[in-house]
Amino acid sequence: MSASDLLPVLVIGAGPAGVSTAIWLHNFDVPFYWVDADGEVGGTLRRLHNEISNFPGGPFEDGQDLCASLVEHLSALSLAPKRRNIISLRLSDHFDHPVAVDDQGGELEARRVVLATGTAYRRLGVPGEAEGMGDFVSQSAAGDAPRFTGRSVAVVGGGDAAFENALILADHDCQVTILARNHNFRARPSFVEAAQHHRSIHIPPRSSVVTRIEPTQGGCRLFVDQQGHQSIIEVAAVFIRIGVDPRVPGGCQSLRKDERGFVVVDGRGRTSHSEIFAVGDLTSTPLRSAITAAGSGAHAAKACAEDLGFF
Ligand SMILES: Cc1cc2nc3c(=O)[nH]c(=O)nc-3n(C[C@H](O)[C@H](O)[C@H](O)COP(=O)(O)OP(=O)(O)OC[C@H]3O[C@@H](n4cnc5c(N)ncnc54)[C@H](O)[C@@H]3O)c2cc1C
């Protein structure tokens, strides 16, 4: 694809939202170009270890199982994303249409762009976190708990994911400390109650803010501010689950967003920039799930088809 080609539609992302957009554009005979930073299908689903019991056609054993079914469907249609990481979109008036720029400097100009780039786990942003990621800093108990069986670990966060991670780790015989900034936990009451009554899970009485992480021989040392009282906790690993942030490519400052940075769209996925659509978890939506992501992709594909005169 050369820089000078004007694409009818560019779809960015191959999670359930991007997959559905691609299938529906294909159905409507709208030519499109499809990219994903990983070059693989499934997005967040590829990292899910829980059963997916709420996607039609299921239940699926885990996210990979649902991905396999998506890949099979796409293969039958000869559809697959190209591996390209889009680092920015140029939306300036100097260009007739949005221009996507990838990390190799390649440019893709399209009449319509569908952003399906999802979310990323939020990080603490403290010294030592990035350096320890994948070693003694993790964001997935389901994936990493077996590495720490029987050892002391900490979980940072107060929502569903943090409490679920703590319970998974306790099931692996870990001694778990939950460090939450706010003791009005956002997690569902059943998770909080299970954690509070679990003999291997400890929730310090004071709110706790991790300010630094240092490697040790056996794991890491956490520097914790507990309402002005400084303490140090030594653990084999720290699991950080403090929510998600939208993955909006650079250059999209002018798109309307909600207070948390999620892209605001109309009922068909159109953003405040009429040539840009956003679908799935990236958007300001009351439910982030595979099926709502897929549904939003179908609406955006239809709107693109209408815009471009395919109806
Ligand atoms: C622990 C957990 C459990 C869950 N359980 C369920 C469940 O049981 N049922 C359910 O329905 N949902 C569940 N979900 C939610 C579900 O995974 C998401 O709602 C869904 O994956 C969102 O789809 P998406 O396509 O919007 O984004 P994603 O799946 O996040 O896909 C985004 C894609 O965009 C690509 N991308 C990002 N940035 C760029 C870029 N700059 N350039 C190119 N490509 C890019 C990524 O590589 C990725 O492939 C769960 C989520 C989590 C975290």
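**Notes on the predicted model**

1. Let's start with Ser88, which sits in strand 4 (residues 86–90). Helices (H or I, at least four residues) and strands (E, at least two) are DSSP runs, numbered from the N terminus. Ser88 has 14 C-beta neighbours inside 10 Å, so it counts as partly exposed. For that label, a residue is buried if 20 or more other C-beta atoms lie within 10 Å of its own, exposed if 12 or fewer, and partly exposed in between, with C-beta atoms placed from the backbone.

2. A word on what you are looking at. Residues are numbered from 1 along each chain as its sequence is written. This is a predicted model, where local features need pLDDT of at least 70 and side-chain atom pairs count only at pLDDT 80 or more, while totals for chains, interfaces and linings use all residues.

3. What does Ser88 touch, leaving out residues up to four places away in sequence? The list is Val101, Pro249, Gly250 and Gly251. Contact here is C-beta atoms, placed from the backbone, within 7 Å. From Ser88 to Gly15 you go 73 residues in sequence and 19 Å in space, C-alpha to C-alpha.

4. Gly15 brings us to the ligand: together with Gly13, Gly43, Gly118 and Gly280, Gly15 is among the closest of the 36 residues that surround the ligand. A residue counts as near if its C-beta atom, placed from the backbone, lies within 6 Å. The shell has 18 nonpolar residues, 13 polar and five charged. In that tally Ala, Val, Leu, Ile, Met, Phe, Trp, Tyr, Cys and Pro are nonpolar, Asp, Glu, Lys and Arg are charged, and the others, Gly among them, are polar. Helix 1 (16–27), strand 2 (32–36) and helix 7 (290–307) each give the shell at least two residues.

5. Helix 1 is worth a check of its own. Its twelve residues should span 16 Å at 1.5 Å a residue, and the end C-alpha atoms are 16 Å apart, so the two agree. The expected span is 1.5 Å times one less than the number of residues. Buried residues of helix 1 are Pro16, Ala17, Gly18, Val19, Ser20, Thr21, Ala22 and Leu25. They pack against strand 1 (6–12), strand 2, helix 2 (63–76), strand 6 (107–115) and helix 7.

6. Asp29 follows helix 1 and lies in the loop between helix 1 and strand 2. Its phi is positive, about 60°, although Asp29 is not a glycine. Asp29 counts as exposed because it has 8 C-beta neighbours inside 10 Å. Asp173, also not a glycine, has a positive phi of about 60°. Asp173 is in the loop between helix 5 (160–171) and strand 10 (175–179), and is exposed, with 12 other C-beta atoms within 10 Å. Look at Gly58 and Pro59 too: a cis peptide bond joins them, with omega about 0°. Pro59 belongs to the loop between strand 2 and helix 2.

7. In which sense do strand 12 (residues 209–215) and strand 13 (residues 220–226) pair? They are antiparallel, over six bridges; pairing takes at least two bridges found by DSSP. Val210 stands opposite Val224 in strand 13. The hairpin has four residues between the strands, and Gly219 there takes a positive phi near 160°.

8. Last, the overall layout. The domain assignment gives domain 1 (6–121 + 244–307) and domain 2 (129–240), with bounds from an automatic or database assignment. Their centres, taken over C-alpha atoms, are 33 Å apart.

Notes
Contact = placed C-beta atoms within 7 Å.
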